[in-house]
Amino acid sequence: MVKVIIGGQQHLSVPNLPRNSEHTLIRSKTFLAGKYPIDKVWYPLGSFMPWRPVWGGYQVIHTFNRIIYTNKPWFVTFEDHRFLYRDPQSKLEELTYKFLNNRLALENCKKIIAISDYARLRFLNWVQEWDVASKIIGKVDVIHPNFPVRVNQHKSYQNQQNLQLIFIGNHIARKGGVVALRLAKKAAKLGLPITIHIVSELWCGFGVPTDFPDANRYTEDLKLLDLNNVVFHNIIPNAKVIELLSQSHFQLMPSLMDTYGYSIIEGFSVATPAITTNVCALPEIVRHNENGYVLELPLDKLRHWGNWLNGEKTKTEEYWEIVNHTYDDLAEQALQQVQEFLDRSDKQEHYESLSAGALAQVINVHDAEKQNELFDNLYAAAARLY
C-alpha cells in the first residue's frame, strides 16, 4: 500500500482521483491556508503548492493545478495551461515561473495529466517553445474525470410527454442559463410542451469569463425566471441535482466557455443526454445525434468562442451587442433542435438511442471503477522506483 499526498485545487481533485483507492490518500494542508492565500503573499506563488510537511512515511505526491518542490515522485493534473503562469509583471516573476515550470522536466515528475484533449492542446501550445519542451511533452497524457455510473440502462420518452430540460451552473450567463431562459420565452410563445429547470446562484457580470461586466444588463433575462415554463431551484444539494437530472430528458448547457463541464458527465451517469456548444472540451464529451446535440459557435484555433473580447473591450457597447446576439442565436439554435425532436415520428426510438449513447460515454470514458484501477497502478509503479 502506498501513501499518496494530495494537494492543490480541491474542486479539480474530486473528480480526478481514485474514489475507492487501495492506497492511502492524504490531503495536505497548505501554509497560510484560508486566512492568507499564498498568492496574496506573492502573486507568482499561486502556481506553487506550499504544503505543511507530513510526519510519517509517504511515497508519492499528486497535485492539481499546482507545481511542487520535492524529490519524491509526483503527478500533476491540470484543466488548462494557466497553472503555468500568472501574467509576470517583472523579470523576477518571470524567472520564478521558469524555475517552477522547469520542475515538470525533472525525472521525478512522472506524468502530467490533462483532463481533456482541449487541456492538452492548450498546454502543448504554451510549452512548445520552452528549452525543456522535449522532456515535458512525452509526459503529457489525457485522463478524463471519473464519476460513478448510477444506472444500468437507458431512459425512454413517451409521446405527448412534457419535455423536461435542466440547466445547471452558478454562472448563469457564461454556462448558458441566459440562453436557457431565452429558449423558455421562445417556447412559451409557440406553446411548445417544455419545462426548463434552472439550478444556479445566478452569478453574472464582472469577474465572470465571457460575461458583459455590468450585471444590470442581465436584469431582463433574470425576470424570465418567473415564466410558467421555468422552475427555479437556486442552490440545492448534489443528491437533489442528480435526482433532477434523472427526471430530465436533456441537460441544457449552451456554454460560451467551459474547461470541462462536469455536470454533463453527472447527467450521463443517469443516462440523460445533453444539449451543449462546440467550445473547449465539450465536443469531446457530447457528439451530435449520438448522445445529445451540439450547437455551433465560431471558434479560434484553441477551440474558444471566436467572438470573445477581453480586457477593457468587454466594457464596450460593441461587446454587449456581441454577447446579446450570441445568446439569441444559441437560443434560436436550441429552439430549432427541440422543435425537430418534438416533430420526429421516431422520437421514442431516437431518444432511447441518445440516452444509450450518454450512458455509453460515461461507462467507456469516465467510469470511476476503471479510473480507480488506473490511478492505483500509477501510484504503485511510481512508488516502486523510489
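This is a predicted model: local features need pLDDT of at least 70, side-chain atom pairs count only at pLDDT 80 or more; totals for chains, interfaces and linings use all residues.
Ala, Val, Leu, Ile, Met, Phe, Trp, Tyr, Cys and Pro count as nonpolar, Asp, Glu, Lys and Arg as charged, and the others, Gly among them, as polar.

Residues are numbered from 1 along each chain as its sequence is written, and side-chain values use heavy atoms, with hydrogens and water left out.

Pockets, then. A pocket is an open set of points on a 1 Å grid over the protein atoms alone, where a 1.4 Å probe fits, with protein on both sides within 12 Å along at least five of seven lines; lining residues have an atom within 4 Å of a point. Volume is the space filled by probe spheres set on the points, joined across faces, edges and corners.

The largest pocket holds about 870 Å³. Its lining has 30 residues, and Gly 169, Asn 170, Lys 175, Tyr 262 and Ser 263 lie nearest the centre. Helix H8 (238-247) and helix H9 (262-268) are the elements giving two or more residues to that lining. Helices are DSSP runs of H or I, at least four residues; strands are E runs, at least two; both are numbered from the N terminus. The lining splits into 13 nonpolar, 10 polar and 7 charged.

The second largest pocket has about 570 Å³. Among its 23 lining residues, Pro 209, Thr 210, Trp 308, Leu 309 and Asn 310 are closest to the centre.

Next, strand E5, residues 109-114. Five of its 6 residues are buried, so E5 is largely enclosed by the rest of the structure. Buried means under 20% relative accessible area, with a 1.4 Å probe and protein chains only. E5 runs parallel to strand E4 (residues 74-78), joined by 5 bridges. Pairing requires at least two DSSP bridges between the strands. Phe 75 has Lys 111 as its bridge partner. E5 also pairs with strand E6 (residues 140-142), again parallel, over 3 bridges. There, Ala 114 partners Val 142.

Helix H4 (residues 117-127) has buried residues including Tyr 118, Phe 123 and Leu 124. The buried residues of H4 pack against E4, E5, helix H5 (133-137), E6 and helix H10 (282-285). Contact is heavy atoms within 4.5 Å.

Last, cysteines. How many disulfides does a search of the whole structure find? It finds 0, with sulfur atoms within 2.5 Å as the cut-off. Cys 280 has its closest cysteine sulfur in Cys 204, 20 Å away, too far for a bond. Cys 204 is buried at 16% relative accessible area, and Cys 280 is buried at 0%.

Technical notes. Buried means under 20% relative accessible area, exposed over 50%, partly exposed in between (1.4 Å probe, protein chains only).
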